[in-house]
Amino acid sequence: MELARVFLLSALFLIAFMLWNAWENEYGGKIPVATTAIQQSSDIPNIAPSGTSIPAAQMPPPSAAVTSTPEHRLIHVQTDVLNIAIDTQGGNIVQADLLAYPQKLHDPIPYTLLSNDPAKLYIAQSGLLGDKGPDTPQGQATYTSSQTHYDLPAGQDQLTVNLIWQNQNGLKIQKQYTFKRGSYQMRMQYQIDNRTGATWDGRLYTQLQRKKVAPPSRGLFMINPYVGGAISSPEHPYQKISFDKMAEKNVDINIKGGWAAMLEHYFLSAWIPN
């Protein structure tokens, strides 16, 4: 009798799992994977050679997570699939709404992937470190733009946003983002106009800054999807790096022909070199 009870309970759990799995396939996985990627250009003279890392002491301080970015510093960009906010301090991507993907089924509010919300800070940073600017260990440069709002016009397939920084000595830096219709890829490049009469030396850096947040529980058995980092190299095509591992020890690996990304359920973001 006891054996029959165990068998019935096992069958009940199996049926429940099959029902949950079927529901996930029908509704939970309704939203396909979307990738928000930022491609960086190598059109930069005198940058550090490949494989040369920047000491932590030389990096600008991380973005403050105490308050959200002030509105007067934001540049808003909208395409047919993205709603982006760029912080003029550093020219960083501090918000990315995926317009084709709702937060929930039949919900008009789009899914927010990148955010400057202090409770769930997740931004894409990049900069040029140099003794003559624009970025220094004390902080990132403040850029200017001719507009505070950019929209991809109907019938146009590409939108360019230019951010400008210059000093009094004749050094001008243009940080440019290019957006394409139907694409989640944002191309980032720097153009350097050096009229100082002296050599400009700088180093490009890119990073994804993210606050550790608990992943939402999903499904009948409260299974948590993976939220964390991942890197890839020719030797090891895919390696997860959890937030706990990041806290224990800095990841210091030289990789050629790889990538680094942040993952969460359905979505990922990554810096993709040429």
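**Close-up 1. Salt bridges in the predicted model, with the pair D87 and R73.** In this predicted model, the structure contains five salt bridges. One of the pairs is formed by the side chains of D87 and R73, which meet at 2.7 Å from N to O.

**Close-up 2. A salt bridge between two loops, D157 and R181.** D157 forms a salt bridge with R181, and the closest N and O atoms of this pair are 3.7 Å apart. D157 is located in the loop between β7 (149–151) and β8 (158–166), and R181 in the loop between β9 (171–180) and β10 (185–194), so the contact ties together parts that are 24 residues apart in sequence. D157 counts as exposed because its relative accessibility is 54%, and the cut-off for that class is over 50%. R181, at 33% relative accessibility, counts as partly exposed.

**Close-up 3. A salt bridge between two strands, R210 and E264.** The side chains of R210 and E264 meet in a salt bridge, with 2.6 Å from N to O. This pair links distant parts of the chain, given that R210 lies in strand β11 (residues 203–210) and E264 in strand β14, 54 residues apart. R210 is buried, with a relative accessible area of 17%, and E264 likewise counts as buried, at 12% relative accessibility. Both values fall in the buried class because its limit is set at under 20% relative accessible area.

**Close-up 4. The stacked aromatic pair Y111 and F267.** Across the whole structure, a search finds five aromatic pairs. Among them is the pair of Y111 and F267, which is stacked, with 4.5 Å centre to centre and 25° between the planes. The pair links distant parts of the chain, since Y111 lies in strand β5 (residues 110–114) and F267 in strand β15 (residues 267–272), 156 residues apart. Y111 and F267 are both buried. Beyond this pair, ring pairs link Y101, Y111, Y184, Y266 and F267 into a cluster.

Close-up 5. I255 counts as partly exposed, at 34% relative accessibility.

**Close-up 6. Confidence of the model, with residues 23–36 and 39–51.** The protein chain averages a pLDDT of 81, and 73% of the residues score at least 70. Over residues 23–36, however, the pLDDT is below 50, and this stretch has 31 contacts in the model beyond near neighbours in sequence. Over residues 39–51 the pLDDT is also below 50, and here the model shows 34 contacts beyond near neighbours in sequence.

Terms used
Residues numbered from 1 in each chain as written. Predicted model: local features only at pLDDT ≥ 70, side-chain atom pairs only at ≥ 80, totals over all residues. Heavy atoms only, no water. pLDDT = per-residue confidence, 0-100. Contact = heavy atoms within 4.5 Å. Buried < 20%, exposed > 50% of the residue type's maximum accessible area, 1.4 Å probe, protein only. Phe/Tyr/Trp six-rings, centres within 6.5 Å; stacked < 30°, edge-to-face > 60°. Helix = DSSP H or I, 4+ residues; strand = E, 2+ residues; numbered from the N terminus. Salt bridge = Lys/Arg side-chain N within 4 Å of Asp/Glu carboxyl O.
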